[in-house]
Amino acid sequence: MQDNILMADLLLPNIDKTPDYYENIYPTRKLPEGARVVRVAPSPTGYLHLGVLFVSLVNRITATSSGGIFFTRIEDTDKKREVKGGIEDIIGGLKRFGIFPDEGFISGNEQKGDYGPYQQSHRAEIYQTYVKELLRLGLAYPCFCTAEELEKVRNEQESQKIRTGYHGKWAKHRDITYAEAKALINEGKQFVIRLKSPGNEENKVVFEDAIKGKIEMPENDEDFVLLKSDGIPTYHFAHAIDDHLMHTTHVLRGDEWISSVPKHIQLFKLLGFKVPKFGHISPIMKLDNGAKRKISKRKDPEAAVHFFAEEGYMSDAVIEYLMTIAASDFEDWRRANPDKSYEEFKFNLKKMSVSGALFDGVKLLDVSKNIVCRLSSGEVYDYVTAWAKEYDTEFYNVLTKEPEYSKSVFAIDRDVPKPRKDIAKWNEVKEYFAYMFEEYYTPCFELPENIQKADATAFLEEYKKVYSPDDDRQEWFNKIKLVAPKLGFAAETKEYKANPDAYKGSAGDLSTVLRIAITGRRNTPDLCSIMQVLGKDECIKRIENAIRG
């Protein structure tokens with residue numbers, strides 16, 4: 001015991017606090033019964049990944065549904081992989097999608113909450129205090145193995161077909177004495193501090209995963225690293241200290257961490273901590289040549305949430321779609337509660353997929369159309385111009401040149417009881433409404449095969465005489481029906497169907513001719529409304545161009 005204390009002081013001479021000091025600083029949270037304290041703890045190593053957004057959403061809705069706390073913690077112990085601006089990108093990305101933490105990082109440089117700092121690189125002394133306690137208890141020791149020595153051990157294990165790792169007889173410094181350690185330190189040898197695992201691989205660890213159910217795994221017997229040679233902890237150790245002191249009740253994270261659970265449970269127990277509930281979230285999958293695979297940063301543009309912003313998806317649409325992945329009962333709830341916020345949904349971790357849901361771009365588009373169709377024309381204008389200002393400056397300048405005109409364009413078939421569901425994302429708007437803006441309109445008078453050019457031209461000549469921009473939809477179509485019989489077309493479709501040999505077509509065919517003349521397309525929103533917005537002068541100009549064309 002005395003050697004253990006001497007060893008602790010030798011390895012961490014500047015640490016003079018005890019764990020009790022921090023237990024008092026970070027007291028138990030006072031929350032309602034059943035409230036869950038959860039977190040997302042990304043590393044600032046690049047852009048916000050779709051997987052991190054998904055895990056963050058699951059944690060956020062878990063906290064919201066239980067009246068608990070959701071916090072963000074930055075796990076930046078691996079400084080070599082850190083990207084400048086990475087924290088801002090991740091936290092800013094979460095906020096962009098409406099995911100706001102109750103505690104932790106709320107921007108790239110701002111934290112809030114009583115359990116910080118919420119950045120691992122600023123908590124080194126806390127970790128070292130707990131490591132020193134493990135040293136005093138004989139549950140940790142210094143390891144002076146070089147990278148070359150560790151590689152040699154691995155090669156020997158592989159050649160003998162033995163499980164690789166620093167365990168059992170392969171743990172060279174497991175029984176190092178205080179005197180031996182002191183001598184090596186005096187020689188200037190670098191060291192890490194490892195856990196002295198009491199585990200046995202033949203024993204089993206059984207735990208109830210909050211998502212996947214009962215899981216049984218071999219007990220950890222590896223003497224894994226707690227503190228690296230620079231005094232910074234590994235993830236395994238740091239997260240155990242942080243989740244204990246921050247009183248995390250549920251560790252909800254990607255299922256790539258399942259293999260580490262035996263290490264983590266062992267750590268919590270050796271440190272005398274209550275083990276949190278673990279829940280492992282299956283990744284979002286893609287189909288690749290008929291086989292499922294995890295969505296990839298390298299292969300899939302949608303792996304980066306920047307993709308959704310650049311494409312012009314509404315944040316609400318992406319979150320709504322991810323909720324359909326997160327909970328198998330969400331879509332039923334949404335049908336019964338079309339106007340409620342997803343935050344009112346009572347989320348149940350047991351309703352999550354245990355194998356990983358496929359990313360469905362078609363379904364995302366459908367979800368997005370349902371959300372966009374409920375927006376007013378003014379809201380669409382605001383969203384589109386905000387998107388265009390960032391991603392399409394030319395289109396932004398066109399839209400904002402005459403704001404009221406642009407709003408009237410977006411009002412077509414929108415500010416009505418049953419709006420069309422045509423637009424899913426903002427990068428579609430320019431092409432969708434190109435014929436409404438002179439900068440993008442391209443005349444095209446390609447007629448259906450059943451309409452002769454002479455008949456179309458004659459119709460346009462006659463229609464010019466009766467056209468009025470003040471006509472409502474009924475009067476507008478009545479005038480087409482008025483012209484139709486003069487040219488051998490049926491005024492009503494039913495007339496044409498009853499005796500097709502007597503007519504060249506119906507008034508509906510002629511409305512298609514007019515649509516092509518005005519927009520250059522066969523399918524558009526309500527043509528009467530389009531013509532009202534374009535105005536008489538522009539409509540007459542386009543009709544005359546079609547006649548000449």
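**Close-up views of a predicted model**

**View 1. The surroundings of Arg73.** Leaving aside residues up to four places away in sequence, Arg73 touches Arg39, Val40, Ala41, Pro42, Tyr118, Gln120, His239, Asp242, Asp243 and Met246 (contact means heavy atoms within 4.5 Å). This is a predicted model, in which local features need pLDDT of at least 70 and side-chain atom pairs count only at pLDDT 80 or more, while totals for chains, interfaces and linings use all residues. Residues are numbered from 1 along each chain as its sequence is written, and side-chain values use heavy atoms, with hydrogens and water left out. You will find Arg73 in the loop between strand 2 (69-72) and helix 4 (86-96); helices (H or I, at least four residues) and strands (E, at least two) are DSSP runs, numbered from the N terminus. With a relative accessible area of 0%, Arg73 is buried (under 20%, using a 1.4 Å probe and protein chains only).

View 2. Strand 12 (residues 285-288) and strand 13 (residues 291-294) run antiparallel and are joined by four bridges; two strands pair if DSSP finds at least two bridges between them. Look for Lys286, whose bridge partner in strand 13 is Arg293. Two residues lie between the strands of this hairpin, and Asn289 takes a positive phi near 55 degrees.

View 3. Strand 6 (residues 192-195) pairs with strand 9 over two bridges in the antiparallel sense, and Arg194 has Val225 as its bridge partner in strand 9.

How values were computed. Buried means under 20% relative accessible area, exposed over 50%, partly exposed in between (1.4 Å probe, protein chains only).
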